Amino acid sequence: MPSKEQLNQLKQQLQQTKQELEERLSDNGNLGLLRSFAHDSTGELSSIDNHPGDEGTELYEREKDIALYEHERQHVDEINHALQAMEAGTYGKCEVCQAEIPLERLQAIPTTTFCKEHSPSQNTSHNRPVEEEVLTPPFGKFDNDDQNESVIYDAEDTWQDVASFGTSESPSDFAYPPDDYEDMYVESEENIGYVEDYENFVGVDMDGKNITVYPNSQHEKYEDALDEEGIMTTFGDLPQYEHEPYVEED
């Protein structure tokens, strides 16, 4: 246990550090958090006319200020906890095992109330930012391609629609460069509005009967591709007798 003189020195050190932290937070308005977003400091009434990059920078700086503020407040809370332990006469003993904390550790970390073996800092946090749930590459949880028989309009389809108007990518960014500069985006060859090629030129009635082929350029390309490979469908030959259950006669 530290002597009375050593305890007083540690107490003065804690009180001085606490005063410096509180003065620092007071002088800078809690790291600017007493103001609203960037508008209070710039005098702007709206963000509409600002460049998205500028808005992103302001958001990043705001997030950094919040993280630094939480760090400083946590430090103050730890100091208060250590001062309370001094008042209670328990300072210098581990809160978990009641073993005496070495003086060298108290001098290095005056706020600690744990021995080295039971220090909470040994626990590595696995908490991740909540935005990672939706920003996980490439399209987070809004990419439904892996779901069975999913043909809904998902995040990937949204990106493809926007990217079709142009991106900053060039042929060197792709393992297999597209032939056209208008196709410089991920899976530009993917069908839009339908899944299988034949859906663009084949139709049936509401009962799945009366199959009708509507000749068009897509149909010609499809037939040419099958003829070239010598197969009946893009996924191989099917026996003549094989049909879908919903089109079979009772």
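Colleague: Is Tyr198 buried, partly exposed or exposed?

Modeller: Tyr198 is partly exposed, with a relative accessible area of 33%, where buried means under 20% relative accessible area, exposed over 50%, and partly exposed in between, with a 1.4 Å probe and protein chains only. This is a predicted model, in which local features need pLDDT of at least 70, side-chain atom pairs count only at pLDDT 80 or more, and totals for chains, interfaces and linings use all residues. Residues are numbered from 1 along each chain as its sequence is written, and side-chain values use heavy atoms, with hydrogens and water left out.

Colleague: Where is Tyr198 found?

Modeller: Tyr198 sits in the loop between helix 7 (155-163) and strand 1 (202-203); helices (H or I, at least four residues) and strands (E, at least two) are DSSP runs, numbered from the N terminus.

Colleague: Which residues form a nonpolar patch with Tyr198 on the surface?

Modeller: Val202, Val204, Ile211 and Val213 form the patch together with Tyr198, and their accessible area together is about 420 Å². Accessible areas come from the Shrake-Rupley method with a 1.4 Å probe, and for residues only the protein chains shown count as cover. Patches are made of residues with over 30% relative accessible area and no salt bridge, nonpolar side chains (Val, Leu, Ile, Met, Phe, Trp, Tyr) being joined within 5 Å and like charges within 9 Å.

Colleague: And which residues form the negative surface patch?

Modeller: That patch is formed by Glu220, Glu223, Asp224, Asp227, Glu228 and Glu229, with Asp and Glu counting as negative, Lys and Arg as positive, and His and the chain ends not counted. The place of a charge is taken as CG of Asp, CD of Glu, NZ of Lys or CZ of Arg. Glu220 itself lies in helix 8 (residues 217-229) and is exposed, with a relative accessible area of 52%.

Colleague: Changing topic, how many salt bridges does the structure hold?

Modeller: The structure holds three salt bridges, each being a side-chain nitrogen of Lys or Arg within 4 Å of a carboxyl oxygen of Asp or Glu. One of them joins Glu87 and Lys11, whose closest N and O atoms are 3.2 Å apart. This pair links distant parts of the chain, with Glu87 in helix 4 (residues 52-88) and Lys11 in helix 1 (residues 4-27), 76 residues apart.

Colleague: What about Arg24 and Glu72?

Modeller: The side chains of Arg24 and Glu72 also meet in a salt bridge, at 2.8 Å from N to O, and that pair again links distant parts of the chain, Arg24 being in helix 1 and Glu72 in helix 4, 48 residues apart. Arg24 counts as partly exposed at 42% relative accessibility, whereas Glu72 counts as buried at 14%.

Colleague: Where do Lys64 and Glu61 lie?

Modeller: Both lie in helix 4, three residues apart, which is about one turn of the helix, and their side chains meet in a salt bridge at 3.1 Å, N to O. Lys64 is partly exposed at 35% relative accessible area, and Glu61 is partly exposed at 30%.

Colleague: Zooming out, what pattern does the chain follow along the sequence?

Modeller: The chain has eight helices and two strands, in the pattern α-α-α-α-α-α-α-β-β-α. Of its 250 residues, 20% count as buried, and its accessible surface comes to about 19,000 Å², of which 50% belongs to carbon and sulfur atoms. Among contacts (heavy atoms within 4.5 Å) between residues at least 6 apart in sequence, 42% join residues at least 24 apart.
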